[in-house]
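This briefing covers the fold of one protein chain. Please have the sequence and the structure open while reading.

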Amino acid sequence: MAVAERAWCVVIPHHPRGARIARQRLTTELRGAVHPTLLADAVAVLAELVGNAVRHASPLPGGVVRVAWRLRPAGSVVGVERDSVEVRVTDGGAMTEQPRIRAIATDAIDGRGLSIVAALADRWGVDRDGLGQSVWAELSSSFVHERRESP
């Protein structure tokens, strides 16, 4: 019997502590539902995306960021052959430019967030709507870890 696809959405403060709240919720909901390596990668990606939202974007109304994730267990949908997790962070939009991987110096103390996301995710991207922007990443339980660049 196939396990159904499930989704969660939480609102967190547009503040560094929001990343901790998001990591804890994701871990609580997915522990035992996915392989520990997939969970660790999803938590790392979510932390990077929330950190970027807090650092580089304005909040949604109310001073918040919306964090969502969806679990697609293997066999839950025709063609889904392995567990996958999509994480999505929605904020009020970038204060400067669209999120992208940047070239940075090897001794730089920051600027690696989206490179980490690209290394861990099957794919990632940015969507814009009337609310703001969403940066998302899809991860699966078995793939070759190689750098993947999206928009």
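The model is predicted. The protein chain holds three helices and five strands, and along the sequence they follow the pattern β-α-α-β-β-α-β-β. Of the 151 residues in the protein chain, 44% are buried. Among contacts with a separation of 6 or more, 67% join residues 24 or more positions apart.

**The sheet**

- The five strands form an open sheet in the order E1-E2-E3-E5-E4, with antiparallel pairing.
- E1 and E4 (123–128) are the edge strands, and each pairs on one side only.
- On average, neighbouring strands of this sheet are turned by 15° against each other, direction ignored.

**Strand pairs**

- Eight bridges join E1 and E2 in the antiparallel sense. Within this pair, Arg6 has Leu71 in E2 as its bridge partner, and Pro13 stands opposite Val64 in E2.
- E2 (residues 64–72) also runs antiparallel to E3, and seven bridges join these two strands. Trp69 stands opposite Val87 in E3, while Arg72 has Ser84 in E3 as its bridge partner.
- E3 pairs with E5 (residues 133–140) over eight bridges, again in the antiparallel sense. Here the bridge partner of Thr90 is Ser134 in E5.
- E3 (residues 84–91) has seven of its eight residues buried, so this strand is largely enclosed by the rest of the structure.

**Helix H2 against the sheet**

- Which strands does H2 lie across? H2 lies across E1, E2, E3 and E5, and runs at about 10° to E3.

**Helices H1 and H2**

- As a general point, two packed helices are described by the angle between their axes and the distance between the axes.
- H1 (residues 16–30) packs against H2 at an angle of about 155°, and the axes are 9 Å apart.
- Angles over 145 degrees count as roughly antiparallel, and H1 and H2 are therefore roughly antiparallel to each other.
- The crossing of H1 and H2 is right-handed.
- On the H1 side, the contact is made by Pro16, Gly18, Ala19, Ala22, Arg23, Leu26, Thr27 and Leu30. On the H2 side, Leu39, Ala42, Val43, Leu46, Ala47, Val50 and Val54 meet them.
- The residues of this contact of H1 with H2 divide into twelve nonpolar, two polar and one charged.

**Helices H2 and H3**

- The axes of H2 (residues 36–56) and H3 (residues 113–120) come within 9 Å and cross at roughly 150°. That crossing angle makes H2 roughly antiparallel to H3.
- The crossing of H2 and H3 is left-handed, whereas the crossing of H1 and H2 is right-handed.
- In H2, the residues that meet H3 are Asp41, Ala44, Val45, Glu48, Leu49 and Asn52. Their counterparts in H3 are Gly113, Leu114, Ile116, Val117 and Leu120.
- Seven nonpolar, two polar and two charged residues make up the contact of H2 with H3.

**Burial of H3**

- Why is H3 described as largely enclosed by the rest of the structure? Six of the eight residues of H3 are buried, so the helix is largely enclosed.
- The buried residues of H3 are Gly113, Leu114, Ser115, Val117, Ala118 and Leu120.
- These buried residues pack against H2, E4 and E5.

**Cys9**

- Cys9 is in E1 (residues 6–13).
- Is Cys9 buried, partly exposed or exposed? Cys9 has a relative accessible area of 47%, so this residue is partly exposed.
- Not counting residues up to four places away in sequence, Cys9 touches Arg66, Val67 and Ala68.
- Cys9 and Val67 are 58 residues apart in sequence, and their C-alpha atoms are 5.7 Å apart in space.

Terms used. Residues are numbered from 1 along each chain as its sequence is written. This is a predicted model: local features need pLDDT of at least 70, side-chain atom pairs count only at pLDDT 80 or more; totals for chains, interfaces and linings use all residues. Side-chain values use heavy atoms; hydrogens and water are left out. Axes are lines fitted to C-alpha atoms, for helices over the stretch in contact, and angles run from 0 to 180 degrees between N-to-C directions. Helices (H or I, at least four residues) and strands (E, at least two) are DSSP runs, numbered from the N terminus. Angles under 35 degrees count as roughly parallel, over 145 as roughly antiparallel, 65 to 115 as roughly perpendicular and the rest as oblique. A crossing is left-handed if the near helix is turned anticlockwise from the far one by less than a right angle, and right-handed if clockwise. Contact means heavy atoms within 4.5 Å. Ala, Val, Leu, Ile, Met, Phe, Trp, Tyr, Cys and Pro count as nonpolar, Asp, Glu, Lys and Arg as charged, and the others, Gly among them, as polar. Buried means under 20% relative accessible area, exposed over 50%, partly exposed in between (1.4 Å probe, protein chains only). Two strands pair if DSSP finds at least two bridges between them.
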